Structure formats: C-alpha cells, structure tokens
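Here is a short report on one chain.

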Amino acid sequence: MHMKTTLIVAAALAVFSVASCRQSHSPESVTSGTADTIRQAWAIVIHGGAGDLAAENLTPETEMAYRTSLAAAIDTGKRILQQGGSALDAVERTIRTLEDNPLFNAGRGAVFTHDGKNELDASIMDGSSLMAGAVAAVTDIKNPISAARAVMEQSPHVMLSGAGASEFAREHRLEIVPPSYFFTDRRWNDLQEILKKEKHGTVGCCALDVRGNLAAGTSTGGMDNKRYNRIGDSPVIGAGTYARNQTCAVSCTGHGEFFIRYTVAHDVSALMEYRGMTLAAAADTVVQGKLKRAGGKGGLIGVDHQGNIVMTFNTKAMFRAWAVSKGSIGTAIFESK
Ligand code: ASP
C-alpha cells in the first residue's frame, strides 16, 4: 500500500480524493441523447504517463509538483466542459497545459533522442465524426496536439511527419519554436537524474461533453534515447488514441511498440462494441490481460458515452487526474492497494 496516494498535498488539492488502480464513476444524471441533444453529464480524465516508478523514489516535493500540475490541467478541461464547451476543445486545451509544463514528457519536457534531440508525436480524435489528426517526429512545433487538430480539421490527411508537418504548422500559423525551447533548465535535469530510469510522462486526455460527444488526445516526446526516427503508439490512431461516440474515448501510455501491435485503444472500443462489455471490463481485459501477458507495460485512461471513466495500468504508477459532473474529482499516482 502506498500511502502517498492518500496524501492531500496542497490546499489547492483539498477537494481531491484518492484513486485506486482502476476507477469507474457513474454520473448522477445521464439522459439518453444524440450528439445534438444537450445532456447534463460531462467527464474528463487525464494521464501524465505510466512507469515503474517506486513510491520511495518520489520526494514529497516532486509529488506535490506533479499533483499540482495535474490538478491545474484537469481544471482547465473541467471549466470548458462545465461551460458547455466541446470535448475536442477540452482535450486540446488540457493537453496544451501539460505540453507547456516541463514535468511531463510532452512538448516542453520531451525526453531526448539518442542523438540529443527532441522529436514529438501527438494525435487527436473526434468521436462524433471519427475524424482524426496526428503529427509524428516533429522538432519545432510548440504544441503538437494543436498541430494534430489542424491536420484533422484543415487537411485531407490523418498523419503528417517531420519537416512536412512543420511546414504545414507554419502555414496554419501554429507557434514554431527553436529546438532549444525543448532543452529545459537545470532543475529539470536534476529531476531527470532522479527519475532517469523511469520512462513516463506522456500525456493524454479523454472527455465527454454535455452534447454526448467524445474526444481523445495523446502527446509525447516518445521513449527516452530513441533512435532512427522511431515513432511510437501515441500518434497512431487505434493504438495510442481512439474515440467513437457509440463506445468510448481512450488515450494510452506505455511501451509503444506493444500498444501498436495490440491496437490497444481500438481494442477497448471493439470489446465494447462487439462484446457489449463495459468500459471498465474492456480496459481491464486489454491492459491487465492480453497486454500484460505479452509483456507490454503501460496503462490507459478512458471515458464512455455515459460518462463512466477508467484509469488502469499494469506498471507501478500512472500519473492521473479526473473530474466528473456531480461526481468526484481527484489526482493519483500509485495504486492504492
Ligand atoms: N507510448 C509512448 C511511446 O511509446 C511512451 C509513453 O507513453 O511513455 O512513444
């Protein structure tokens, strides 16, 4: 039992409660509705990466920094959903705050490649239309999640990569930064020393808005020390990200090669669609079942079309936070059992 999970670490987090390895919350009021109907339920869940981080290796100060950042990010998305904003906006804006935060392996805090560079991947999917966008191996786009959304909404493509993706981002007036932007300060390097054996920090977000639309997004610097322009699951629709109004929205984190081979995000949706499973059962079947048996380490977050959420992982830790209309709100890092 990791007591850190139970610590209330700051006044700002006073209302936050404890999460177990997998949570599922039912909203109090969900009416059946189509995408055009205003419903009352909304839900949002985020992750900040999964890994075999031991509780004793996380100082109270670092834990507080992570929890405060997760709380701020979930608050961004929660406000958008509470005000009737779209799941897509909530996902994009929430992920942007995590990309701008050097604590996470996405955007500013992206890990370094074998050659000492930063190559970022991101994807986003709209569950109401099955439209999707992604960028891979980009080096100078400040917020890859926004570039992914631009690919979805302003191009006929699903995935752009490398220099071409940068050219597209420039043409669509997205913020371009010098590669040095991703070289973070000494404090971050100190943190890397402490955590260098831990691969975590990819960020993801899934949301259900009051119109019943689902969206999911994922953004990452990829695996530490990666080579040969390796691209993981995060920008691959169906592997790291998936959303479909009739089933669920899913964002994954972990050893990307496994998530691609097992098409993890889509598999959760497919189990719900074809087997009639609940989100919680489908997520467990994939993450604690076939993925774990294959040696694939990681986890996922998800929201279903009724506002139930899931956060499940087969590693020691997964940074995460959630907020559900008329329900609970919280942050958690380790398993509670
Ligand atoms: N899934 C990411 C990748 O393989 C890494 C992570 O989530 O930690 O690129």
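## Overview

Of the chain's 337 residues, 55% count as buried. The model is predicted. Its secondary structure comes to eight helices and 12 strands. Among contacts with a separation of 6 or more, 72% are between residues 24 or more positions apart.

Strand E5 spans residues 203-208 and is mostly covered, with six of its six residues buried. In a regular strand, side chains alternate between the two faces of the sheet. Both faces of E5 are covered. Val203, Cys205 and Ala207 are buried on one side, and Gly204, Cys206 and Leu208 on the other.

E5 pairs with strand E1 (residues 43-51) in the antiparallel sense, over five bridges. There, Val45 has Cys206 of E5 as its bridge partner. E5 also runs antiparallel to E6, joined by six bridges. The hairpin of E5 and E6 has five residues between the strands. In that hairpin, Gly212 takes a positive phi near 90°.

## Helix H3

Helix H3 covers residues 144-154 and is mostly covered, with nine of its 11 residues buried. The buried residues are Pro144, Ile145, Ser146, Ala147, Ala148, Arg149, Ala150, Val151 and Met152. An α-helix has 3.6 residues a turn, so residues three or four places apart point the same way.

What do the buried residues of H3 pack against? Two helices are among the partners: H2 (87-99) and H4 (162-171). The strands are E2 (120-126), E3 (131-138), E4 (159-161) and E6 (214-220).

## H1 against H2

Two packed helices are described by the angle between their axes and the distance between the axes. Helix H1 (residues 60-82) crosses H2 at roughly 160°, and their axes come within 8 Å. Angles over 145 degrees count as roughly antiparallel, and H1 and H2 are therefore roughly antiparallel to each other. The crossing is right-handed.

On the H1 side, the contact is made by Ala72, Ala73, Thr76, Gly77, Ile80 and Leu81. H2 contributes Asp89, Ala90, Arg93, Thr94, Thr97 and Leu98. By class, this contact has six nonpolar, four polar and two charged residues.

## H7 against H8

Helix H7 (residues 264-275) and helix H8 (residues 279-294) pack at about 135°, with axes 8 Å apart. H7 is therefore oblique to H8. Their crossing is right-handed.

Val264, Asp267, Val268, Leu271 and Met272 of H7 make the contact with Leu279, Ala282, Ala283, Thr285, Val286 and Leu291 of H8. The class count for H7 with H8 is nine nonpolar, one polar and one charged.

## The E7-E10 sheet

Four strands form an open sheet, in the order E7-E8-E9-E10, with antiparallel pairing. Its edge strands are E7 (241-243) and E10 (309-313), each pairing on one side only. Neighbouring strands are turned by 10° against each other on average, direction ignored. Strand E9 (residues 298-304) is joined to E10 by five bridges. Leu300 stands opposite Thr312 in E10.

Which strands do the two helices lie across? H7 lies across E7, E8 (248-254) and E9, and runs at about 145° to E8. H8 lies across E8, E9 and E10, and runs at about 15° to E10.

Technical notes. Residues are numbered from 1 along each chain as its sequence is written. This is a predicted model: local features need pLDDT of at least 70, side-chain atom pairs count only at pLDDT 80 or more; totals for chains, interfaces and linings use all residues. A residue is buried if 20 or more other C-beta atoms lie within 10 Å of its own, exposed if 12 or fewer, and partly exposed in between; C-beta atoms are placed from the backbone. Two residues are in contact if their C-beta atoms, placed from the backbone, lie within 7 Å. Axes are lines fitted to C-alpha atoms, for helices over the stretch in contact, and angles run from 0 to 180 degrees between N-to-C directions. Angles under 35 degrees count as roughly parallel, over 145 as roughly antiparallel, 65 to 115 as roughly perpendicular and the rest as oblique. A crossing is left-handed if the near helix is turned anticlockwise from the far one by less than a right angle, and right-handed if clockwise. Ala, Val, Leu, Ile, Met, Phe, Trp, Tyr, Cys and Pro count as nonpolar, Asp, Glu, Lys and Arg as charged, and the others, Gly among them, as polar. Two strands pair if DSSP finds at least two bridges between them.
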